[in-house]
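The entries follow in the order I took them.

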Amino acid sequence: AASVPRQSGATPAVTAAGLPRRTAHPSPLRMMPAEEPPDPEPSEEDPADRAERVRDDLDGFMEGERAATREGDRTEGT
């Protein structure tokens, strides 16, 4: 590796070759203040009502799956 002769006019902002010296910049994400996520709104729904709603949703999903399987079986058999 060839060494570059050091010029006497080199400053910390300029390299010996006269080029601007690179400096590390902090990440923009580190410069931003950390934001706290908002607290979730408390649910006023009764846990038993919520469980029933979830069961109903899953029953509907499973019925759709069964219907799609039945229809797929009919189209493959033709």
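Entry 1. I started with Glu-52, which counts as partly exposed at 39% relative accessibility. For the cut-offs I noted that buried means under 20% relative accessible area, exposed over 50%, and partly exposed in between, with a 1.4 Å probe and protein chains only. The model is predicted, so I kept its limits in view: local features need pLDDT of at least 70, side-chain atom pairs count only at pLDDT 80 or more, and totals for chains, interfaces and linings use all residues. Residues are numbered from 1 along each chain as its sequence is written, and side-chain values use heavy atoms, with hydrogens and water left out.

Entry 2. I looked up the partner of Glu-52. Its side chain meets that of Arg-55 in a salt bridge, at 3.2 Å from N to O. A salt bridge here is a side-chain nitrogen of Lys or Arg within 4 Å of a carboxyl oxygen of Asp or Glu. Arg-55 is partly exposed too, with a relative accessible area of 46%. Both Glu-52 and Arg-55 lie in helix α2 (residues 47–76), three residues apart, or about one turn of the helix.

Entry 3. I then checked the whole chain. How many helices and strands does the protein chain have? I found two helices and zero strands; helices (H or I, at least four residues) and strands (E, at least two) are DSSP runs, numbered from the N terminus. Of the 78 residues, 1% count as buried. The chain exposes about 7,800 Å², and carbon and sulfur atoms supply 56% of that area. The areas come from the Shrake-Rupley method with a 1.4 Å probe; for residues, only the protein chains shown count as cover.

Entry 4. I went back to the salt bridges, of which the structure holds four. One of them joins the side chains of Arg-53 and Glu-45, at 3.2 Å from N to O. Arg-53 is partly exposed at 39% relative accessible area, and Glu-45 is partly exposed at 32%.

Entry 5. Another salt bridge links Arg-66 and Glu-63, again listed at 3.2 Å from N to O. Arg-66 and Glu-63 are three residues apart in helix α2, so about one helical turn separates them. Arg-66 is partly exposed at 42% relative accessibility, and Glu-63 is partly exposed at 41%. Salt bridges with shared partners join Glu-63, Arg-66 and Arg-70 into one network.
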